[in-house]
Amino acid sequence: MDFSLSEEHQMIRQAARDFAQNELLPGVIERDETQTFPKEQIKKLGELGFLGMMTDPKYNGSGMDTLSYVIAMEELSKVDASASVVVSVNNSLVCWGLETFGNEEQKQKYLTRLASGEVIGAFCLSEPEAGSDATSQKTTAIDKGDHYILNGTKNWITNGGTADIYLVIAQTDKEKGHKGINALIVEKGMEGFEIGPKENKLGIRGSDTHSLIFNDVKVPKENRIGEDGFGFKFAMKTLSGGRIGIAAQALGIAAGAYDLALKYSKQRKAFGTEIANHQAIAFKLADMHTQIEAARHLVYKAAWEKDKGKNYDLSGAMAKLYASQVAMDVTVEAVQIHGGNGYVKDYHVERLMRDAKITQIYEGTSEIQKIVISRSILRN
């Protein structure tokens, strides 16, 4: 075992940390207040290669490993989870899905633009009646020979209004159940494709979350990813890797809140001394630090298994389950350590607490992670 980071990984960490502090931190509270998408910051992240980190350079990607990606996700999420979720979706769900399962024509047409940050993508699985139960797709893609006719609604789609390329999961043959589902590449501007109102959310308020409506959208057959009926397997395999990214996001939110609480505890005085000197606060910090370190090891191990070509379904699920719980626990304690100031937006920790909650929900709820974990350990 070697727990030290390579020089390259340390450089990535520093680059992401610098970007977070210099580009994301200024204006992050205002963007949260006004629900403003960090358009300029995302554009710069694309120019720096953060939107196609794991994509092969021949498709305009950075050609990095999964560990590099989770390191960057952690650092960006310490400051702005609304920006980091864009990085997560574009890397884990869209670019990785297209590079792994798309054909060469699709990679040249779409992946090259996504990995460079020229455009961003969205992953469209959830529906009003198909969240955790992903097999219950009501969106249909009727085979018309050389094209599909797409009808239905998708809910809670990250990058819903700002993406240009959408990977849409739809039912083609209901009789076949999950084997009758396909994944289609849909472009913004296709006739019949409408973007619904933006969601007014508890957290990650700068993230662009919308419902999408498809009314007889004509999608060319060449835009189908994989063979007929591969859509459900595509979604599950892609989400398995996406969970590692969200686990890294949760880790970053927790670490960011802890850093702020530690700093505050060394400055704030009560009863004649800094509050860090009171055991009640010191023990909170000890618990927070321990939880974060444990979460980090789970996240890094999942990334390592993915890079080694091992089955990472179990490790990814455990990382997301635990890291998202740590994000909730640590951010709540960070607000508590700040006292009344923790309830004030200027101190950032209340926003991190609100941002933490979604990590227990999207890309597979904590309950779904427990199903994945229990099935794996009982099977073995």
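## Helices α9 and α11

Let's start with a helix pair: α9 (residues 313-338) packs against α11 (residues 366-379) at an angle of about 145°, and their axes are 9 Å apart. Axes here are lines fitted to C-alpha atoms, for helices over the stretch in contact, with angles running from 0 to 180 degrees between N-to-C directions. Helices (H or I, at least four residues) and strands (E, at least two) are DSSP runs, numbered from the N terminus. The crossing of α9 past α11 is left-handed, that is, the near helix is turned anticlockwise from the far one by less than a right angle.

On the α9 side, the contact (heavy atoms within 4.5 Å) is made by Asp313, Leu314, Ala317, Met318, Lys320, Leu321 and Ser324, and on the α11 side by Ser366, Gln369, Lys370, Val372, Ile373 and Ser376. These residues divide into six nonpolar, four polar and three charged; Ala, Val, Leu, Ile, Met, Phe, Trp, Tyr, Cys and Pro count as nonpolar, Asp, Glu, Lys and Arg as charged, and the others, Gly among them, as polar.

## About the model

This is a predicted model, in which local features need pLDDT of at least 70 and side-chain atom pairs count only at pLDDT 80 or more, while totals for chains, interfaces and linings use all residues. Residues are numbered from 1 along each chain as its sequence is written, and side-chain values use heavy atoms, leaving out hydrogens and water.

## The nonpolar core

A nonpolar core is a set of buried Ala, Val, Leu, Ile, Met, Phe, Trp, Tyr and Cys residues joined through side-chain atoms within 4.5 Å. Buried means under 20% relative accessible area, exposed over 50%, and partly exposed in between (1.4 Å probe, protein chains only). The largest core has 110 residues, of which Val70, Leu98, Leu150, Tyr166, Val186 and Val299 touch the most other members. Helix α7 (residues 231-267) gives this core its largest share, 17 residues.

Take Val186: beyond its neighbours within four places in sequence, this valine contacts Leu150, Asp164, Ile165, Tyr166, Val168, Phe193, Phe214 and Val219.

## Cysteines

With a disulfide taken as a pair of cysteine sulfur atoms within 2.5 Å, the count is zero. Cysteine 95 is in no disulfide, its nearest cysteine sulfur being that of cysteine 124, 14 Å away. Both are buried: cysteine 95 has 0% relative accessibility, and cysteine 124 has a relative accessible area of 0%.

## Positive phi in two loops

Asparagine 159 has a positive phi near 70° and sits in the loop between β3 (147-158) and β4 (165-171). Asparagine 159 is buried, at 0% relative accessibility.

Isoleucine 204, in the loop between β6 (193-198) and β7 (209-220), has a positive phi near 35°. Isoleucine 204 also counts as buried, at 4% relative accessibility.
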